[in-house]
Amino acid sequence: MKDKWQCRVYIDLFSGAGRARIKETGKIVDGSPLIALGIDDPFDRYIFCEEDATNIDALRKRVMTDYPSLDTHFVHGDANKAVDEILAKIPQHSPIYKVLGFCFVDPFKIDNLKFTTLKRLSAKYMDFLVLIPTGMDARRNVSYYMKYNSKHIEEFTGRPNWRDEWPEAEARGENFGLFFIKQFCTSMADIGYKYTTAEASVEIRSTEKNLPLYRLAFFSKHPLGHKFWGEAKKYSSPQLDLF
Ligand SMILES: C[S@@+](CC[C@H](N)C(=O)[O-])C[C@H]1O[C@@H](n2cnc3c(N)ncnc32)[C@H](O)[C@@H]1O
């Protein structure tokens with residue numbers, strides 16, 4: 001894309017601290033921000049959002065040490081509330097200065113993300129890679145989320161009437177994780193990301209017990225984006241190689 005767009009922007013809504021320790025092995029690995037900064041053809045601008053003050057401070061220090069010459073911006077706060085600030089940091093697109101965004105969305109759990117945040121960012125030229133906590137959260141906590149006073153599924157998927165549709169899906173034998181991602185994909189299709197199906201996402205399982213943890217789904221309004229996603233999937237291996 002570097003030859004087609006004058007400015008490519010990487011946005012990490014849930015950046016973390018830049019590095020993380022794998023609980024089981026103690027190994028320290030680069031997190032998504034440092035992986036994105038270290039690619040051969042870097043983005044022209046990086047925007048990192050993180051709610052936790054210790055994490056964002058650690059990230060800022062690591063980025064300043066390892067990548068001082070790249071154009072990096074830090075937003076400290078809840079990504080859902082800081083969306084105006086994030087949008088303001090994306091350069092203005094014009095016919096002679098084309099701006100393409102790639103937004104990585106890596107929440108811990110369902111209540112970290114509101115669909116309206118992605119909807120607002122989608123007003124720009126924006127592709128999304130979204131971690132959807134189907135196994136580790138949605139399936140495990142289904143009875144909690146079914147409670148009528150819980151708005152988390154509605155807010156993540158952007159589907160206020162999901163409870164009306166779940167009984168039929170359950171009767172078809174669908175598990176809640178699959179139902180959840182289908183609801184999310186329907187909302188993404190409503191805002192123009194019509195190519196992604198639940199089946200096209202990648203399931204990530206835990207290495208020890210081989211339990212489904214989450215799914216990674218890619219969303220682009222352009223078929224070329226999906227061609228690249230298809231290529232990327234060929235080289236991905238489960239869980240820890242990805243991160
Ligand atoms: C799964 S971790 C991200 C890991 C990171 N992508 C990496 O590869 O190292 C989720 C991060 O999001 C932060 N977080 C949780 N809710 C948030 C919110 N609403 N807005 C911004 N950051 C949030 C957490 O503090 C945590 O650092």
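Mentor: We will look at aromatic rings, charges over rings, salt bridges and a cavity.

Mentor: This is a predicted model, in which local features need pLDDT of at least 70 and side-chain atom pairs count only at pLDDT 80 or more, while totals for chains, interfaces and linings use all residues. Residues are numbered from 1 along each chain as its sequence is written, and side-chain values use heavy atoms, with hydrogens and water left out.

Trainee: Let us start with the rings. How many aromatic pairs are there?

Mentor: Rings of Phe, Tyr and Trp (its six-membered ring) pair if their centres lie within 6.5 Å; planes under 30 degrees apart count as stacked, over 60 as edge-to-face and the rest as tilted. By this rule there are 19 aromatic pairs. One of them is the tilted pair of F156 and F180, with 5.3 Å from centre to centre and 40° between the planes.

Trainee: Where in the chain do F156 and F180 lie?

Mentor: Helices (H or I, at least four residues) and strands (E, at least two) are DSSP runs, numbered from the N terminus. F156 belongs to helix α7 (residues 152–157) and F180 to helix α9 (residues 176–190), so this pair links distant parts of the chain, 24 residues apart.

Trainee: Are F156 and F180 buried or exposed?

Mentor: Buried means under 20% relative accessible area, exposed over 50%, and partly exposed in between (1.4 Å probe, protein chains only). Both F156 and F180 are buried. F156 also forms a tilted aromatic pair with F184, at 5.4 Å centre to centre and 50° between the planes. That pair, too, links distant parts of the chain, with F156 in helix α7 and F184 in helix α9, 28 residues apart. F156 counts as buried because its relative accessibility is 0%, and F184 counts as buried because its relative accessibility is 0%.

Trainee: Which residues form one aromatic cluster?

Mentor: Y10, F43, Y46, F48, F74 and F102 do. Take F48, which is found in strand β4 and is buried, with a relative accessible area of 0%. F48 and I86 are 38 residues apart in sequence, yet 8.7 Å apart in space from C-alpha to C-alpha.

Trainee: What sits over the ring of F43?

Mentor: A charge sits over a ring if NZ of Lys or CZ of Arg is within 6 Å of the ring centre and within 35 degrees of the ring normal. Over the ring of F43 you find the charged end of R8, 5.7 Å from the ring's centre. R8 lies in strand β1 (residues 7–12) and counts as buried because its relative accessibility is 11%. Between the C-alpha atoms of R8 and F43 there are 5.2 Å, although these residues are 35 apart along the chain. The charged end of K98 likewise sits over the ring of W5, 5.1 Å from its centre.

Trainee: How many salt bridges does the whole structure have?

Mentor: Side chains of opposite charge can pair when their charged atoms come close. A salt bridge is a side-chain nitrogen of Lys or Arg within 4 Å of a carboxyl oxygen of Asp or Glu. A search of the whole structure gives 16 of them. In one, D71 joins R45, with the closest N and O atoms 2.9 Å apart. This pair links distant parts of the chain: D71 is in the loop between α2 (53–66) and β5 (72–76), and R45 is in strand β4 (residues 45–50), 26 residues apart. D71 is partly exposed, at 31% relative accessible area.

Trainee: Which residue meets K234 in a salt bridge?

Mentor: E231 does, at 3.3 Å from N to O. K234 and E231 are separated by about one helical turn, because they are three residues apart in helix α10 (residues 223–235). K234 counts as exposed at 59% relative accessibility, whereas E231 is partly exposed at 33%. Elsewhere, salt bridges that share partners join E168, R172, E174 and K182 into one network.

Trainee: Which residues line the largest cavity?

Mentor: Rolling a probe the size of a water molecule over the atoms shows where empty space is left. On a 1 Å grid over the protein atoms alone, a cavity is a set of points where a 1.4 Å probe fits but cannot get out, and lining residues have an atom within 4 Å of a point. The lining consists of I90, P91, H93, V99, L100, G101, K124 and Y125. About 40 Å³ of space lies in this cavity, a volume being the space filled by probe spheres set on the grid points, which are joined across faces, edges and corners.

Key
1 Å grid on protein atoms, 1.4 Å probe; cavity = no way out; pocket = protein on both sides within 12 Å on 5 of 7 lines; lining within 4 Å.
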